[in-house]
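Hi,

Here is the model I promised to pass on.

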Amino acid sequence: MFLTISTTGSAQRPATDLGHLLHKHPEKAQAFSTSYGTAHVLYPEADAEHCTAALLLEVDAVALVRRRKGKGRGGAPDAALAQYVNDRPYAASSLLAVALGSVFSSAMRGVCTARPELPGTPRPLRIEVPALPARGGADLVRRLFEPLGWTVTAEPVPLDTEFPEWGDSRYIRLTLLAADLTLAEALRHLYVLLPVLDDAKHYWVSPDEVDKLLRVGDGWLAAHPERELITRRYLSHRWSLTRQANERLELVRLAEADDSEVEDLDNAVAQEAEADDEEKPTPLAVRRREAILGVLRASGAARVLDLGCGQGQLVQALLKDPAFTEIVGVDVSMRALTIASRRLKLDRMGERQASRVTLLQGSLAYTDKRLKGYDAAVLSEVIEHLDLPRLPALEYAVFGSARPRTVCVTTPNVEYNVRWESLPAGHARHGDHRFEWSREEFRGWARTVAERHGYAVEFLPVGPDDPEVGPPTQMAVFRLGTPKEAKAA
Ligand code: SAH
């Protein structure tokens, strides 16, 4: 079981700096004893131009079996165990990841006291893992590593080179190349993704693994497109841990995405669209709030949910109208809620006023009893922040479980993006938008949702309604009841 890490260099930036970074001298072969066997670090090549470090783990299969038995997970070795004894000594897996983490722990943390400037500087890296068990094959290997900046070569290893007709084994020969990553980043990627690909941990996953995953995943995991799969497999399919990890990572991701961008871009849209108007142009965000307030007032709602309330601008506007007696802002982001509470001056509000407003932390991807029984709910510029596969969960939580009488949903109209000079072609309006829909796509979704949950739906433009591409913001208003009643109302 082994992997190699190589770099190139020059007289000014010698490749042998790798030795400093790894805290292992290139001229010595060293051995470290771990609980599952011996880890060796040696350098097959080490000069100014080329330097390669190899980590070789000699697994003690007997120790492995003994430890498994000692864990009290039943006596007799099971089928999975038999497999361990068979391929563990040769395949990269969670054992190799653990060895990597213990032998190169300072390097993984990016610490180098002797040469503090080294760890933060990316350098050309080449990583080879000759036998990587990969459930999900070469395709998954690419989906995991490419978003992180690696160029991936993943070749299936044949079962037997003498008998090609036997087909491929479940092993991949993996080569990773990168020019813009630091060694610490590279090691953290491997530490998490090797066991994820193997999808079989050699030890029992305890709740503190969530902390470890968040620590090692810092800076790259929260926004990874395969985050769900990574957390699920890394945490050995333990559902509650996976959910915990994803909720925490979601907060990280949202904190990373720059919220202020939303308003800035909205303002730009409205100003360009109305540059000829004599009056001072109204920012699109303001128009949207006015449109939503109009819908809510017309619906006669008194108790209102603002789902994905963000920094609380709509909650603030709702508070100004005494018709709204109970206002609940919900958001997954603690950071957004903290800003909202500051904006509303919740701590300095009179008792009566304060009794009208509640801020709740929660994810709309899960049903929530606290959200039942309201007159109306608003989802303003929220749905596009969810990954498409998560949208049905939100749909069920809102329309199936909470079931307010009126639901007002707004989202960008992607067709309008061409009218926006400052937006490069094909770009979303905000870095965190997971999708942006055309009018047809939004209407298709909204009609299906309405039908499935017994609502009638109507569509309204927000902002200047361009004859060709439509308005910048599209709105759907859902009303509970038969379509006939809704129309009559
Ligand atoms: N409604 C506000 C904010 C829109 S930004 C407005 O119109 O200005 C999108 C908001 O949705 C963010 O505050 C984000 O934290 C929140 N959000 C994203 N995914 C969420 C989820 N799964 N559950 C709850 N809120 C979510």
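Predicted model: local features only at pLDDT ≥ 70, side-chain atom pairs only at ≥ 80, totals over all residues.

Residues are numbered from 1 along each chain as its sequence is written, and side-chain values use heavy atoms, with hydrogens and water left out.

The chain has 18 helices and 14 strands (DSSP runs numbered from the N terminus: H or I of at least four residues for helices, E of at least two for strands). Of its 489 residues, 49% are buried; buried means under 20% relative accessible area, exposed over 50%, and partly exposed in between, with a 1.4 Å probe and protein chains only. Among contacts with a separation of 6 or more, 71% are between residues 24 or more positions apart (contact means heavy atoms within 4.5 Å).

Now the cores. A nonpolar core here is a set of buried Ala, Val, Leu, Ile, Met, Phe, Trp, Tyr and Cys residues joined through side-chain atoms within 4.5 Å. The largest one has 70 residues, and those with the most contacts inside it are Phe104, Phe145, Trp150, Leu174 and Val192. Helix α7 gives this core its largest share, ten residues. A second, separate core has 31 residues, including Leu360, Leu391, Val449 and Phe478.

What does Phe104 touch, leaving aside neighbours within four places in sequence? The list is Ile5, Leu22, Lys24, Val41, Leu55, Ala99 and Leu187. Ala99 is also one of the buried residues of α4. That helix (residues 94–103) has eight of its ten residues buried, so it is largely enclosed by the rest of the structure.

Back to α7 and its partners. The axes of α6 (residues 137–145) and α7 (residues 183–198) come within 11 Å and cross at roughly 155°. Axes are lines fitted to C-alpha atoms, for helices over the stretch in contact, and angles run from 0 to 180 degrees between N-to-C directions. The two helices are therefore roughly antiparallel (over 145 degrees; under 35 is roughly parallel, 65 to 115 roughly perpendicular and the rest oblique). Leu140, Val141, Leu144 and Phe145 of α6 meet His189, Leu190, Leu193, Val196 and Leu197 of α7. That contact splits into eight nonpolar residues, one polar and no charged. For those classes, Ala, Val, Leu, Ile, Met, Phe, Trp, Tyr, Cys and Pro count as nonpolar, Asp, Glu, Lys and Arg as charged, and the others, Gly among them, as polar.

On α7 and α8 (residues 208–216), the axes come within 10 Å and cross at roughly 145°. Arg188, Tyr191 and Val192 of α7 contact Lys212, Leu213 and Val216 of α8, which gives four nonpolar, no polar and two charged residues. Arg215, also in α8, counts as exposed at 58% relative accessibility. Its C-alpha atom is 9.5 Å from that of Arg188, 27 residues apart along the chain.

Finally, Gly454 sits in the loop between α17 (439–453) and β13 (455–462) and is partly exposed, with a relative accessible area of 35%. Beyond its neighbours within four places in sequence, Gly454 contacts Arg479, Leu480 and Gly481. The C-alpha atoms of Gly454 and Arg479 are separated by 8.6 Å.

Cheers
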